[in-house]
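Here are some notes for a colleague who has not seen this structure before. Please read them with the model open.

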Amino acid sequence: MLKVGLIGCGFMGAMHANCYKNMAGVEVVAFADIRREKAEALAKGTDAVLYGDGKELIENAKVDIIDICLPTFLHAEYAMLAMDKVSYVFVEKPVALTLEQGKQMLEKSRATGCQVQVGQVIRFWDEYVALRGIIESGVYGKVSHANFRRISPRPDWGWEDWLLDYKRSGGAGQDLHIHDVDYVLSVFGEPKSFYSVKNILGEVNSYVNTLMEYEDFVVSVEGTWDLPASYPFTATFRVAFEKAVVENAGGKLMCYTAEGAKEIEIEKAELVGGVEGGNISDLGGYYNELVYFCDKAAKGEKIEKATLCDGVSSLTFLLKELG
Ligand SMILES: NC(=O)c1ccc[n+]([C@@H]2O[C@H](COP(=O)([O-])OP(=O)(O)OC[C@H]3O[C@@H](n4cnc5c(N)ncnc54)[C@H](O)[C@@H]3O)[C@@H](O)[C@H]2O)c1
């Protein structure tokens, strides 16, 4: 049995806890949250040990892996403490608040040998996994242009409203838009040039739109959380190839060719326990990334997807976009 210590029992902590419940051979044996009722809610019906501050869990819990779902400004401090204690650490995205912190985390992981995965979950999201396969197969020819969008109402669920405090979250750029940036970098690599605009009007860092220029195609990536509460959270992409357009919109992955339109069927794991109250309730990608992480930990193997290095590279690019 792989024993997990989960730090931060808010929206994402609840999501992760429910993902672990769907896995065989994995159990959360310790929860930490400074709001005790949050830890209690996730531990209900289990024998898990509860802690207040995450440092108590890191110090005392008998666990194989530590999963950090804390607000972004706390990632580096807690992840580095965890790296001293266990061989596998999962830290939510974005990897850290600053590049300096990201570099310190890299140094710590090198010094301890700890394997770290960052919650860049889009790399594990079914539709985006399918798209990567289509691009790599070349079945529709080369990409000519692509668009990725992630647009959302304001995130109002955070503890002490930390998400809307840009000094603690980095704002929509760092918290939301980084999902697509990380995915695009992982599929296409670094662009030869890019042009980024943000918040011409309104609050700082709640809207980013970036045009990335590659050798023979362009990619635009748009993200905002500056929309009213009634606007549905929307994550879409449209990729134009020489012989088709593949689009993820309206809950369907579609392929359009000269012959006609067809839906690309995706097999999804049957999961129970989505979490309401944040912007996404689907466990899918979170489950996939944690299955990958736990499998690597159980086998004692290296993390090769959404690595700490990947997380720091995406943060580096993102911070350049934000200027
Ligand atoms: N991958 C995704 O799609 C996704 C989605 C939402 C959030 N996130 C990330 O997950 C992380 C957490 O975000 P969230 O939405 O769950 O925030 P949240 O505010 O809902 O949860 C954070 C929790 O941490 C607790 N906490 C604060 N300080 C603590 C400490 N020192 N020790 C123990 N607990 C402490 C708070 O009480 C709160 O319950 C962030 O990095 C965020 O960017 C990722």
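**Notes on the model**

1. The protein chain is assigned two domains: domain 1 (2-118 + 289-307) and domain 2 (123-265). These bounds come from an automatic or database domain assignment. The model is predicted: local features need pLDDT of at least 70, side-chain atom pairs count only at pLDDT 80 or more, and totals for chains, interfaces and linings use all residues. Residue numbers start from 1 along each chain as its sequence is written.

2. Between the C-alpha centres of domain 1 and domain 2 the distance is 27 Å. To the contact between them, domain 1 gives 13 residues and domain 2 gives 12 residues; two residues are in contact if their C-beta atoms, placed from the backbone, lie within 7 Å. The side of domain 1 that touches domain 2 has 7 nonpolar, 2 polar and 4 charged residues. In these classes Ala, Val, Leu, Ile, Met, Phe, Trp, Tyr, Cys and Pro are nonpolar, Asp, Glu, Lys and Arg are charged, and the others, Gly among them, are polar.

3. The ligand is surrounded by 29 residues, of which Gly-8, Gly-10, Met-12, Glu-92 and Trp-159 are the closest. A residue counts as near if its C-beta atom, placed from the backbone, lies within 6 Å of the molecule. Domain 1 and domain 2 each supply at least three residues to this shell.

4. By class, the shell around the ligand holds 14 nonpolar, 8 polar and 7 charged residues.
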